[in-house]
Amino acid sequence: MLRFCHWRFPPSLAVARMLSSPPPPHSHSPFSGGGSNSSSIGGNSKPELLFPQSQPQNLSSSPSSSLKSTVACSNAGAIRRSMTTVSQSFSDRTESSDSNLDSLVVVSFYKFADFPDHADFRKPLKDLCEELRVSGGIILAPEGINGSICGIRESVDRVLAFIQSDIRLNGLRQVETPVSPEQEAIHHGHSSTSPLAAGEDAPFRWDHVRVKLKKEIVTLGMPSVSPIERVGTYVSPEEWNELISDPETVVIDVRNTYETRIGKFKGAVDPCTTAFRNFPSWVENQFALKQEGNETQAKVDKEDFSEITHKEEKAEKQKTLPRIAMYCTGGIRCEKASSFLLSQGFEEVYHLKGGILKYLEEVPKTESLWEGECFVFDKRVSVEHGLAQGTHKLCYGCKQPISDEDMEAPEYEYGVSCPYCYSKKSEEEKERARARQTQFEEWGVIGGPDKGRRPATKPDSPRKKSNAKLGSSI
């Protein structure tokens with residue numbers, strides 16, 4: 001747990017400091033230098049909070065002489081008023097620091113590991129999140145853990161420490177994002193701008209956390225592919241531009257179409273997949289892996305090649321496969337995709353360490369090769385450079401990002417449909433969506449005010465009603 005200290009000066013030095021120079025400002029934005037500073041993705045390094053602190057060098061400039069001159073020309077009342085002002089100033093600064101401690105952070109994390117008893121980890125992890133009021137979504141699988149959680153810094157740190165108390169999950173790969181005041185307001189539940197909460201497991205629901213058990217922490221549908229055994233070469237955000245600027249490098253966006261549509265790296269290839277499990281078939285078709293494999297097998301069946309000839313053919317095949325550089329939102333899909341490519345004979349496979357989020361956090365916009373915004377799986381919908389809030393909203397009919405232009409299209413209906421899902425929805429589905437929207441506008445919650453509650457009195461059954469009628473007639 002992080003320990004926090006608030007610096008306090010003796011009253012005499014405080015008076016001298018206040019009268020000699022104006023107090024430094026103490027209100028900091030979560031996105032300014034006084035906000036949170038994300039740690040490195042690798043290793044066990046933890047996030048560090050930077051505090052606005054007083055400048056001690058001002059105190060070293062002969063405080064005693066300054067104090068004497070102040071006392072000589074001031075009466076006791078003036079000093080008392082000055083000390084009151086200083087006390088209030090430091091009190092305000094303390095409250096400002098405390099508010100920084102209470103501000104929300106979002107941490108996305110994952111770790112591939114041999115985790116066959118993952119189901120036993122679910123209940124204690126969920127109980128801890130609920131106790132600490134940490135929200136979000138976490139996936140546990142035999143191959144490791146993947147999640148995104150939101151809460152105050154101390155609570156989030158405690159959850160991450162608990163996860164890493166299992167030695168197999170130690171060294172989580174983490175990406176941290178501060179939360180804007182507007183998003184903090186949304187965090188406390190549904191709002192008029194997000195009636196469906198951007199998905200039931202969105203990290204910004206203060207009272208809700210989901211810990212799911214799945215077969216994979218990121219679904220590729222190929223159990224033989226194991227990032228635990230081998231992955232591609234990590235490339236830091238600082239070195240990424242040089243790698244993807246090389247004309248010999250094929251840059252692949254491993255995300256899906258609704259993500260690539262709003263932003264990607266300059267010159268990147270878009271596989272146009274609708275799900276990650278479609279990626280292997282795209283690779284096989286793009287690089288003719290199946291065709292080459294069948295031809296090679298046919299040659300082996302037809303002729304009895306020696307081992308040397310077989311090695312030469314394998315080397316020739318590898319020469320035809322290009323150097324690959326991949327990226328995704330936080331890095332997890334790239335680890336699995338790189339493991340798959342290595343199993344298919346690719347030799348030079350690189351992927352962006354920390355994903356797009358780490359790149360946007362560390363690389364200045366003036367030097368960036370990123371174009372557009374990055375889709376994120378929570379109520380922020382998208383982020384820009386510096387992880388600032390993006391401009392995209394969410395269609396609650398299909399959970400895809402939409403722009404201001406999309407919302408001007410005739411196919412857009414708030415809470416119902418957008419240009420990307422209008423033709424895919426039946427009229428019955430649209431009517432159900434309109435009913436949900438009406439419920440929210442009328443009661444402020446989907447399903448009505450009694451959703452999830454048992455009625456106080458059960459309605460009479462048809463048999464009882466008929467008996468009542470019979471008795472009255474007799």
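**Aromatic rings in a predicted model**

The count of aromatic pairs comes to 16. Rings of Phe, Tyr and Trp (its six-membered ring) pair if their centres lie within 6.5 Å; planes under 30 degrees apart count as stacked, over 60 as edge-to-face and the rest as tilted. This is a predicted model: local features need pLDDT of at least 70, side-chain atom pairs count only at pLDDT 80 or more, and totals for chains, interfaces and linings use all residues. Residues are numbered from 1 along each chain as its sequence is written, and side-chain values use heavy atoms, with hydrogens and water left out.

**A stacked pair**
- F276 and F279 have ring centres 6.3 Å apart and planes at 20°, so they are stacked.
- Both F276 and F279 are buried (under 20% relative accessible area; exposed is over 50%, partly exposed in between; 1.4 Å probe, protein chains only).

**An edge-to-face pair**
- Y327 and W370 pair edge-to-face, with 6.4 Å centre to centre and 85° between the planes.
- This pair links distant parts of the chain: Y327 lies in strand β11 (residues 323-327) and W370 in strand β13 (residues 370-372), 43 residues apart.
- Strands (E, at least two residues) are DSSP runs, numbered from the N terminus.
- Y327 is buried, at 0% relative accessibility.
- W370 is buried too, with a relative accessible area of 6%.

**A cluster**
- Ring pairs join W240, F265, Y327, Y359 and W370 into a cluster.

**Charges over rings**
- A charge sits over a ring if NZ of Lys or CZ of Arg is within 6 Å of the ring centre and within 35 degrees of the ring normal.
- R261 has its charged end over the ring of Y420, 3.6 Å from the centre.
- K430 has its charged end over the ring of Y422, 3.3 Å from the centre.

Terms used: Helices (H or I, at least four residues) and strands (E, at least two) are DSSP runs, numbered from the N terminus.
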